[in-house]
Amino acid sequence: MGDQKFNNGDYVEVAERIREFRQAHPDGALRPVDPAVPYRIETLGDQTFIVVVAAAYRDANDQNPGIGMAWERFPGKTNFTRDSELMNAETSAWGRAIVAALAADTKRGVASADEVRARAARAAAGLPAADFARAKLMRLCNARGIDPNRVAAEFKREHGIELRTATDDAAIEALLHRYQETA
């Protein structure tokens, strides 16, 4: 990452979240939401992403598992992401699913140390921040049981564009803050 310094003191490693999850839910499991399609490839414009949606089941009968989503640009643009895009997306999705299941500490933020390192590398490479704002908004929807389709429709009404392809991170962040304040 060049001269950029990274301090992970404010972020929880996914490995730590997994330990917390196992301790709190010894019969729990981390799985793809759709085991038949554990990941998918999405193309937005001229960019390709590996997308993973994971579920954190607290036990075998868990009807409301925590859901976590993550995506990694393919091919990875940094030494941190290149050749491990799928594993990075999976690990991030697991960490987010554990947080969504309320099975790990979030006082230091939802992003894992790995995600913060990757974001810093992406920022240094000039990649868009809208992806991160959109992911935060979707995590909030997931955590609070807000219909993401309703949020996307609201965004489209206000801005005239689809939320999933929007590049205006400030507009996405504004919608995120509005939903944070209402709950």
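Predicted model: local features only at pLDDT ≥ 70, side-chain atom pairs only at ≥ 80, totals over all residues.

**Entry 1: the overall layout**

I started at the N terminus and read off the elements, which run α-β-β-β-β-α-α-α-α-α. That gives 6 helices and 4 strands.

Next I looked up how much of the chain is hidden. Of the 183 residues, 39% count as buried. The protein exposes about 10,300 Å², and carbon and sulfur atoms supply 49% of that area.

Residues 24 or more positions apart account for 61% of them.

**Entry 2: the largest nonpolar core**

Which residues touch the most other members of the largest nonpolar core? I found Leu137, Val151, Phe155, Leu163, Ile172, Leu175 and Tyr179, in a core of 16 residues. Helices α4 (130-144), α5 (148-159) and α6 (169-182) each supply at least two residues of this core. The largest share is from α4, with 6 residues.

Leaving out residues up to four places away in sequence, Val151 touches Leu137, Cys141, Ile146, Leu163, Leu175 and Tyr179.

There is also a second, separate core, with 12 residues. Val14, Ile18, Ala93 and Ala101 are among them.

Is Ala133 of the model buried or exposed? I found Ala133 in helix α4, and Ala133 counts as buried because its relative accessibility is 0%, under the 20% cut-off. Beyond residues up to four places away in sequence, Ala133 touches Asp169, Ile172 and Glu173. I also looked up Ala133 and Leu175, which are 42 residues apart along the chain, and their C-alpha atoms are separated by 9.6 Å.

Then I moved to helix α5, where Phe155 sits. Phe155 is buried too, with a relative accessible area of 0%. Apart from neighbours within four places in sequence, Phe155 is in contact with Gly160, Ile161, Glu162, Leu163, Ala166, Ala171, Ile172 and Leu175. Phe155 and Leu175 are 20 residues apart in sequence, and 7.6 Å apart from C-alpha to C-alpha.

Lys156 also lies in helix α5. Lys156 touches Ile161 and Glu162, not counting residues up to four places away in sequence.

**Entry 3: two helix pairs**

How do α5 and α6 pack? Their axes are 11 Å apart, at an angle of about 130 degrees, and the two helices are therefore oblique to each other. The crossing is right-handed as α5 passes α6. On the α5 side, the contact is made by Arg150, Val151, Glu154, Phe155, Glu158 and His159. On the α6 side, I listed Ala171, Ile172, Leu175, Arg178 and Tyr179.

My other pair was helix α1 (residues 14-24) and helix α2 (residues 85-100). Their axes come within 9 Å and cross at roughly 45 degrees, so α1 and α2 are oblique to each other. Here α1 passes α2 in a left-handed crossing. Val14, Arg17, Ile18 and Phe21 of α1 make the contact with Thr91, Trp94, Gly95, Ile98 and Val99 of α2.

**Entry 4: backbone details in a loop**

I finished with the backbone. Most residues other than glycine have a negative phi, and most peptide bonds are trans.

Where is Pro75 found? Pro75 is in the loop between β4 (66-74) and α2. A cis peptide bond joins Phe74 and Pro75, with omega about -5 degrees.

Asp83 lies in the loop between β4 and α2 as well. The phi of Asp83 is near 70 degrees, a positive value in a residue other than glycine. Asp83 is exposed, because its relative accessible area is 70%, over the 50% cut-off.

Conventions: Residues numbered from 1 in each chain as written. Heavy atoms only, no water. Buried < 20%, exposed > 50% of the residue type's maximum accessible area, 1.4 Å probe, protein only. Contact = heavy atoms within 4.5 Å. Areas by Shrake-Rupley, 256 points an atom, 1.4 Å probe, with all protein chains shown as cover. Core = buried A, V, L, I, M, F, W, Y, C linked by side-chain atoms within 4.5 Å. Axes fitted to C-alpha atoms, helices over the stretch in contact; angles between N-to-C directions. Parallel < 35°, antiparallel > 145°, perpendicular 65-115°, else oblique. Left-handed = near helix turned anticlockwise from the far one by under 90°.
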